[in-house]
Amino acid sequence: MVDIFYPLQWIADKLTYDVFGIAPDTHLAASVNFIIYDVMKIFVLLAVMIFVVSYIRTYVTPEKTRKVLGGKKGLQYHLLASLMGAVTPFCSCSSVPLFIGFVEAGIPLGVTFSFLITSPLVNEAAVAALWATIGLKATLIYTVSGILLGVIGGYLIGLLKMEKHVADFVYKIKVGDSNKNPKDLSAKERTAAAYESVKEIVEKVWIYVIIGVALGGIFHGYAPEGILAKYAGEDNLLAVPIAVLIGVPLYSNVMGMIPIVESLIGKGLPVGTALAFLMGVTALSLPEMIILKKVLKNELIAAFVIIVSVSIIFTGYLFNIIL
């Protein structure tokens with residue numbers, strides 16, 4: 001699988017090892033490299049995704065978009081959004097730009113959360129890596145669980161009707177001249193409108209992105225495998241929620257966590273506990289909450305965290321029983 005972000009990784013390596021002179025294979029190098037790479041990657045994704053969504057939206061008025069998509073409710077739409085999340089290999093923070101675009105387009109809040117939950121948990125590369133490390137049965141259960149988490153979590157958030165807890169600016173992004181028919185806009189006008197959307201959103205969230213990734217990078221370089229093995233072992237009935245709680249402050253995409261999960265399982269940690277830790281890191285990371293804080297109000301973030309946490313803990317115990 002070709003890594004489209006390889007040039008960014010090359011830059012991060014050059015800055016970390018050559019410019020800053022940090023010795024490889026150290027905790028500091030892992031943290032610094034991670035921060036440089038992910039800051040660049042997230043801002044690239046943020047700009048590209050917002051630009052593309054905004055450009056497309058210049059062809060349709062916001063009112064028409066909401067009329068077509070706003071009433072799309074039902075589990076089938078949550079399933080569709082969750083499946084879309086499963087084929088987009090983004091980490092939790094990288095999914096935020098797409099989430100913003102979904103909300104701007106008038107897609108129901110619960111459906112957007114179905115995407116946001118599943119996207120960092122499941123992708124084809126992760127499925128292949130998990131298959132090679134923990135076996136086909138566990139991989140299939142993990143994949144289905146990740147998709148179901150998105151469906152159930154998004155559906156419950158939709159039932160709570162928490163649209164008022166999305167930051168006002170998300171609903172007020174200006175796309176083009178509202179006095180003109182979308183069909184009359186030139187390519188130059190559409191490009192200018194999309195650029196303004198990128199500028200407006202990036203100006204509002206850039207500091208949260210940097211703080212979130214920096215915090216996650218510090219934890220990433222000092223991953224507490226020893227703590228997990230000591231306090232979340234198979235004899236502890238609270239091992240699954242403890243694993244999830246330990247995973248929340250960390251930040252990594254699912255591919256970065258698979259080697260750690262494999263190591264934990266190899267040390268005797270139950271599969272369900274290890275995978276609950278993986279889900280906690282990828283779906284509930286503290287850096288993601290910091291970034292989401294700019295676009296969501298506390299009540300909605302709390303509902304998201306509670307619903308997903310309970311679902312992950314249940315899934316972890318289920319894993320331990322089945323496997």
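Axes are lines fitted to C-alpha atoms, for helices over the stretch in contact, and angles run from 0 to 180 degrees between N-to-C directions. The model is a predicted one, in which local features need pLDDT of at least 70, side-chain atom pairs count only at pLDDT 80 or more, and totals for chains, interfaces and linings use all residues. Residues are numbered from 1 along each chain as its sequence is written, and side-chain values use heavy atoms, with hydrogens and water left out.

**Exercise 1.** Describe how helix 6 and helix 16 cross, and which residues make the contact.

*Solution.* The axes of helix 6 and helix 16 (residues 298-322) come within 13 Å and cross at roughly 55 degrees. Helix 6 is therefore oblique to helix 16, since angles under 35 degrees count as roughly parallel, over 145 as roughly antiparallel, 65 to 115 as roughly perpendicular and the rest as oblique. Leu109, Phe113, Leu116 and Ile117 of helix 6 meet Leu300, Phe304 and Val308 of helix 16, contact meaning heavy atoms within 4.5 Å.

**Exercise 2.** Describe how helix 4 packs on helix 6.

*Solution.* Helix 4 (residues 75-86) and helix 6 (residues 109-118) pack at about 30 degrees, their axes being 7 Å apart, and helix 4 is thus roughly parallel to helix 6. On the side of helix 6, the contact is made by Gly110, Val111, Ser114, Phe115 and Thr118.

**Exercise 3.** Decide whether helix 6 is enclosed or open.

Technical notes. Helices (H or I, at least four residues) and strands (E, at least two) are DSSP runs, numbered from the N terminus. Buried means under 20% relative accessible area, exposed over 50%, partly exposed in between (1.4 Å probe, protein chains only).
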